[in-house]
Each structure stands twice: as structure tokens, then as C-alpha cells.
Amino acid sequence: MRRWPEDRLAFGGDYNPEQWPRETWTEDVDLMARAGVSFVTLGVFSWSWLEPAKGEYEFGWLDDVMDRMADADIAVDLATGTATPPPWFSHAYPQSLPVDHDGHTLWPGSRQAWCPTAAPYREHALALTTQLATRYHDHPALALWHVSNEYACHNIPCYCDTCAGAFRVWLRERYERLDRLNDAWGTAFWSQRYTDWAQVLPPRRTTTFANPTHQLDYSRFQSDALLVFFLAEKAVLTRLSPDVPVTTNFMTMTRFRHLDYHQWAPHQDVVSTDHYVVDSLTHPRAELAFSADLTRGLAGGDPWMLMEHSTSAVNWQPVNRAKAPGQTIRDSLAHVARGADTIGFFQWRQSQAGSEKFHSALVPHAGPDSARFREVCRLGEIARRLGEVRGSRVESRVALLWDYQAAWAVGGPAMPSARLDYAFVAETVHRLLRARGVTVDVVHPSAPLDAYGLVVVPTLYLVTDVDAAHLADAAESGAQVLVTFFSGIADQDDHVRLGGYPGAFRDLLGIRVEELFPLSSDETARLGSGGEATLWTEDLTATTATVLDRYASGPLTGRPAVTRHDVGAGSAWYLSTMPDDASLDAVLGDLLDAAGVLPVLPGLPVGVEAVRRRSPDSSWLFLANDTEESHEVDIAGHDLVTARDVDRLHLAPGEVAVVRER
């Protein structure tokens, strides 16, 4: 086996040589050396090439590629090939195909055409994994195992009969008795009481609103079902190849919420993720930063792997925009700034055919004589120089709580407002803190909070008693805690906590909300401080809290809108509405002052971002100019991007720097 690159940040991406004739492979190796590639991911979608017929394996081509990588000193992240079964499998086992909400079978012809509980798929996937681990466990190119690919991207939720049976098994393990399930699901409502386990089905298309807890539990079950698949493959790899670490690539973009990655992360030997810039978002670079901070939270603050992103355009958006010159480098280093120690792309060579032929790659259709490939080569040089950063950690004194199960519940049926998306408040607060030069750790509600001066709790609708008490302890110990509207409403079964909102946090915040007043898209509410609020308002009474702002228009005129409650050595603040950016920024400024949290580099021009990574011996400041003007930054050290010493840094529009501080 080979160790993961240690003298540089690993740099490379998915390599799919089966798409190309062998004479291209020789050119690939030469170009990889030219670009500074130090790792490739092999075999992600190679099942039909590795096993062209049931039980008939062909490894000769993979042997050749593995040997070429070893000779070129390129580490291999070897995939198990189980992301998508070949056509012969789907033809032989049609019962393994997924079924959508309306009962329609999803047929092969794309990818991930398999049900997460299909026994034939599991049997054949484990057989292929066993063959690969047996053959390559001690190969000199092998450095990492890569199980499947982007779990749940296309094939869940599945509503087939096989999933129905597995769901009932999962429910029996969770509740043990049917009366407990009935209590948890609130089946006294709408005559939904179950008297036999066989009556329980997936939450398929029905006449009107589904049972919210039924739907929530099905999301939990589907995430767990795929985790069981992952663990089964990992067990094979660990048994046959015990010295090689194992991962699977997450998708921590905030719009992807099919899996509870907080349940998955502890089972990864190293956390890895894919990220793609979504141009249709209002703040796409802010979403990139949020995703990277979330991935770092999943990794417990340790460095993580950026397994995939794009050099330029993707293929799946309504309009697939090419990246501007320099943006390949800028996006890559934005992830490194926030904890990535690997820079990976999809893919090495842009496909000539297939659904992703217009998805960009390290080697574009134009070939190596192109501006994009020259930028790739420059990034490879930067990755080599950034080797000294490897293993360092990102500094942060602010935590933002994120819970996939709360997201599932907020997205459930019959909520107070369909306009409320779980990520909206979290991303807005994160974006404004980032603009202030403050780095944020995005973590689970159960994560240790003692290192943080400020803890933000955005729309944490569903929360357990244990996690609610954990947050109260943080405030008692000195943290400033900001809880936003529609938090603490329900318990883990999605039962509303009675006695007034926000039930789980009512005493902590010193408030009581009697009624929710969500706003339509054409409604606003003025605040006494002069700002304007949208999306949401609440009829709030400050029982023991201090009122900081009030509503100045509408049915809640004069009622509290923002409060603060001193708790032990800290304080708990409540935001009952969604203020405009300027008003929310002012609240965040007060919170940061109270918490004693300073920007990473005070005095930076607006639009210039700074993030610091630190090791026991050194620190590195990552700077990015997101404006259309050049800026000067007073900082002394050595810039690893340009390989020169600096006393005063000049940053052109879109330019980045990584300065080893003196």
C-alpha cells in the first residue's frame, strides 16, 4: 500500500480510463505529471467493466492502470465500483430497482438504479468488493478505499415493497411495541391507529397531508438503510485490507439533505465530500463557505478531503456557466482555507460521450493547450507548496448548530409556512458573520460547545431534551447564545412542546410565545430600531428577558421582537423574526461584542475574506478578494501562492493568497 501524499496537499480527481483507448492512458500519465497530480480515484462507475457478466471478473485493464499509477508515484483512491450496477444485474433482478413516491419503477439507463434494501444488490456489491479487496489490498498504488459514490443522490427515498418490509423491521427495533409507535406517530389523529405491524407502509402518495412523524421516521430509516450498506462494504475492506483507510464521498451542499451525515461521519476513517457551486443561488460563494464549514464540523474539526468539485461548468444546472479565469484556483483554496487537505475534481479528462460530456474536467475538450489546463497546472504547483499546511486546523470561536433531522421535520407536511426553508436563516447568519471576518464552525447540537464564545441556533425546530439542556449549559458557562424563531418547538417525535413556544428553550430565553404569525411574500413588519422584517413574526411576551427591539407595524405593533436573557455567566438572545441584512448584522455585532469575538484580521476592506489555519508551530492566513477592486492588506510573511515574502500584500480582484505568518 501507499501512504496518502504527505509532502503536499493531495491534488487530483476521478480518473475513468475505461472511457478512453489505451494509447490515451500513456498521455494521461504524462499530463498528470505535468499538472502535479498526486492522487486519482479509480473505478467509481466501473462495475460493468469489472464484472461484465455475473461472476465473471475482468481485472486486466485495472491491473494495468494501477501499475501505471504506482510507477508514476500517484496514490490511488480505489472505489468499490458499487455506485451503479451494470445492465445485466438490473435485467436479472428487476425487483432491485427503486420505486418513486407514486409507485413508478425507476428504470436503469442513468445511475444509482438500485433500491437501498435490495438483497440481490447487497449480495453482488459485497462480492465485487471482496474481489477488489482480495486482489489489490497490498498493491503499491493503493492508498485509500472509496465505497460507492454520493450515496442517495438519486435513489432515495424508495417506496418499494422491499423497503416497506425493511421499514417495519427498523420500526420494531426502534419502538419494540406497536403502542409505542402509535404514541410516537400520534395516530389517534385521523383514525390512523395501527393494530398490526403489517399495516405499516412507507409514506407513499396519499389523499392529502402525510403523517409528519411517519414521514420523519421514513427519512431516518432510508438514511440508516444506506448506512448499513456502507458499513457492510467497509467491513469487507477492513477484514481483507486492514491497513488502508476507508471513506465515502458525502454531498454537504446545503440543498442535499437525504442523509443524516452526523450519523455517518463517525464511521469514516477520513471525512470526504463533494461540492459544486450552484449559480442559481443568490449567494453561491457563501454557500460554498457554509458547506466547507459544515464538512469541517462533521470531521470534528480535523482536516477533510474535497473529493470532487469542478474546474469550470457542470452539466446539471439550467444554465451551466463556465468559471472565470482564476476561479478554479480561488474555489479550491476556499475549501482548503476551511479545512480541506485534499483538492479533488470530477474528473481528470472531460468525457467525449454520456450525460456528463459537458461537465468540465482537469483536461478539457480543448486539451492541454488551453487556459483551463494551464490554470490546473498552476493549482498543482500551489498544492505542492501548501503541503506545510497539511494537518493544521481552522480557528473559530463561533458555532452554528445544524441538524439534518430538524431539516427533515421543518420540510414536513402542514407547517405554518411553506416559505421557510431550514437552511435560509442558517446561511444568512453565516454569510453575515463571514462578511464581518468571523469564521464559523457548523456543528451538531450535541457537539462540545465549551470552546465557543457565540453559539447560533437557527430554526432548530426539532430538538431533544438532552441537546436543549446542553445548549443551556453553554450559556450558563459564559457563551452568548442566539436562538432564532421556530426553534425548540417539537421533540424528537415531532410532538409540539406544550405551554407556549419555543418549548425547549422557553426558560433559557425568558420568553413565551403564544402564537406564530408567519408573513406572506408581500408582507413585511417594521421594527422599532428602523429595520424591516420579513418571512416570520411571533406574538412574544418577555417573562424575564430584556426587550431589545419591538415590532412597529402590523398586528404585533409594540410586541417584543428581539430579547436577551442573562443566564449564569452568559446570555441567551431570541430573534422572533427575519430582519433585513443591516438589522440582523447589527444584532450579530452586539452578540460578537458581548462574546468578545474579533474578526480573524481586523480592519480588512469589505469583501476581502480572511480565514486562519493553525498548527502547534505555525499559522497560515488565507485571504481572498471577492470584490472588483484591488486592495492592500498589511500582513508580513511568506505567500505560498506566489512563493514570495510579503510585508504588504496586494490583492487584485478575485485573487487569493496563503500567507505563512511571521
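Accessible areas here come from the Shrake-Rupley method with a 1.4 Å probe. On that basis I looked up the surface of this predicted model, and the protein exposes about 25700 Å². Carbon and sulfur atoms supply 50% of that area.

Entry on overall form. I listed the secondary structure and found 17 helices and 27 strands. I then checked the radius of gyration, which is 26 Å, close to the 26 Å that the globule rule gives for 662 residues, so the protein is as compact as a globular protein of that length. Along the principal axes, I read spans of about 75 × 75 × 40 Å for the C-alpha trace.

Entry on packing. I looked up burial and noted that buried residues make up 60% of the 662 residues. I also looked up the contacts with a separation of 6 or more, and 72% of them join residues 24 or more positions apart.

Entry on P653. I placed P653 in the loop between β26 (644–651) and β27 (656–661). The relative accessible area of P653 is 43%; because buried means under 20% and exposed over 50%, I recorded P653 as partly exposed. Leaving aside residues up to four places away in sequence, I found that P653 touches N625, T627, E628, E629 and S630.

Note on methods. Residues numbered from 1 in each chain as written. Predicted model: local features only at pLDDT ≥ 70, side-chain atom pairs only at ≥ 80, totals over all residues. Heavy atoms only, no water. Helix = DSSP H or I, 4+ residues; strand = E, 2+ residues; numbered from the N terminus. Rg over C-alpha atoms; globule rule 2.2 N^0.38 Å. Buried < 20%, exposed > 50% of the residue type's maximum accessible area, 1.4 Å probe, protein only. Contact = heavy atoms within 4.5 Å.
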